[in-house]
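Keep the structure in view while you read.

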Amino acid sequence: MPELPEVESFSQAIGREFAGKKIRKVKFHRADLRFPFDQPTLLKIFAPGATFLFPCRIAKQLVLRTDQGMVAVSLGMSGSFLPSSYPKRLLHEHVTVLFDDDTALGFVDPRRFGFWKPIQSYDEVSVAADPLQVESLLKVFESRSFRHSQRSIKDALMDQALIGGLGNIYALECLFRVGVFPLRKCNRVKKAEYAHLAEIIPPMLLQAIDAGGSTVSTYRRLHGDAGGFQELHLVYDREDAPCLKSHCKGIIKRVAQSGRSSWWCPRCQK
Ligand SMILES: [Zn+2]
């Protein structure tokens with residue numbers, strides 16, 4: 001998984017090799033990665049004749065710059081930049097920026113968890129923790145805004161300014177797995193429980209991503225709603241069902257929390 005040093009070295013290498021060149025065109029070889037490409041805006045940023053400027057790095061995102069605009073690129077799980085030999089494509093090359101000297105820069109991402117987001121200012125680059133990275137989660141859990149907070153752990157986990165991309169389902173699922181009641185306040189969660197959360201969130205999300213992929217392909221084949229997602233839910237939407245932890249005889253309960261439902265096992269989540 002690309003970490004900050006890899007992002008920085010991509011930024012430097014791309015700058016050294018391509019900064020100052022004129023763009024001939026940009027090609028998107030699919031409609032989306034983690035999110036759909038905003039193609040109208042991206043085509044303006046990489047318009048024919050635009051000058052490619054030295055990129056920069058903010059946290060773990062790479063900001064590609066031209067004299068027409070900027071785009072924040074997340075490498076996700078497996079993204080990388082490579083010199084491309086357009087019109088020949090590298091394996092998993094999803095974007096190609098072609099320059100007027102016939103060189104080309106390719107964005108390759110086999111797992112497609114990266115994204116390209118046009119931005120107007122550097123402030124728009126999210127510095128929220130990446131929930132796919134243990135270190136990133138530990139850092140946010142150790143911050144004052146988390147440790148000393150009076151709000152519930154579930155609400156804090158879902159705060160997109162702190163952690164990018166954890167929603168109701170997976171906040172509840174991870175709290176179930178570590179035995180923490182969703183309404184418990186952040187300042188009452190123990191250090192070991194935070195460490196446990198940081199350890200289990202990334203693999204849980206990866207499992208969900210893989211299941212989501214199969215759900216989508218099943219859906220396309222069958223035009224029905226049969227997917228793998230539900231099988232991963234140990235607590236979400238399981239009111240009155242028996243707790244799935246071995247040796248726990250609890251029955252899952254539901255409670256309204258911040259306008260949404262929370263499910264938990266009263267016996268194993270304190
Ligand atoms: Zn239980």
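This is a predicted model: local features need pLDDT of at least 70, side-chain atom pairs count only at pLDDT 80 or more; totals for chains, interfaces and linings use all residues.

Helices (H or I, at least four residues) and strands (E, at least two) are DSSP runs, numbered from the N terminus.

The protein donors are Cys243 (SG), Cys248 (SG), Cys265 (SG) and Cys268 (SG), and they lie 2.2 to 2.3 Å from the zinc ion. Donors are N, O and S atoms within 2.8 Å of the metal (3.2 Å for Na, K and Ca); water is not among the atoms, so sites may look incomplete. The 4 donor atoms subtend angles of 100 to 120° around the zinc ion, which makes the arrangement tetrahedral. Four donors count as tetrahedral if all angles lie between 85 and 135 degrees. Ideal angles for four tetrahedral donors are 109.5 degrees.

Residues are numbered from 1 along each chain as its sequence is written, and side-chain values use heavy atoms, with hydrogens and water left out.

The pLDDT is the predictor's confidence in each residue, from 0 to 100. The protein averages 88, and 90% of the residues score at least 70. Confidence is highest in helix H2 (residues 39-45), at a mean of 98, and lowest in helix H8 (residues 229-232), at 64. Over residues 213-227, pLDDT stays under 50. The model has 7 contacts beyond four places in sequence for that stretch. Contact means heavy atoms within 4.5 Å.

## The hairpin

S9 and S10 run antiparallel, joined by 5 bridges. Two strands pair if DSSP finds at least two bridges between them. Valine 255 has serine 262 in S10 as its bridge partner. The two strands form a hairpin with 2 residues between them. Serine 258, in the turn, has a positive phi of about 50°. In S10, 4 of the 5 residues are buried, so this strand is largely enclosed by the rest of the structure.

## Buried or exposed?

Buried means under 20% relative accessible area, exposed over 50%, and partly exposed in between (1.4 Å probe, protein chains only).

| Residue | Relative accessible area | Class |
|---|---|---|
| Cysteine 243 | 7% | buried |
| Cysteine 265 | 0% | buried |
| Threonine 66 | 5% | buried |
| Histidine 92 | 35% | partly exposed |
| Aspartate 240 | 55% | exposed |

Threonine 66 belongs to strand S3 (residues 61-66). Which residues does threonine 66 touch? Not counting residues up to four places away in sequence, they are Ile23, Ile45, Phe46, Ala50, Thr51, Phe52 and Leu53. A polar atom of the threonine 66 side chain lies 2.6 Å from the backbone oxygen of isoleucine 45.

## Backbone details in the loops

Proline 87 lies in the loop between strand S5 (80-84) and strand S6 (93-99). The peptide bond from tyrosine 86 to proline 87 is cis, with omega near 5°. Histidine 92 is also found in the loop between S5 and S6. Its phi is near 65°, a positive value in a residue other than glycine. Aspartate 240 is placed in the loop between H8 and S9. The phi of aspartate 240 is positive too, near 70°.

Note on methods: Four donors count as tetrahedral if all angles lie between 85 and 135 degrees; four count as square planar and six as octahedral if opposite donors are over 155 degrees apart and all others between 65 and 115; anything else is irregular. A polar contact is a pair of N or O atoms within 3.5 Å; within protein, one must be able to donate a hydrogen and the other to accept it, and residues adjacent in sequence count only if both atoms are side-chain atoms.
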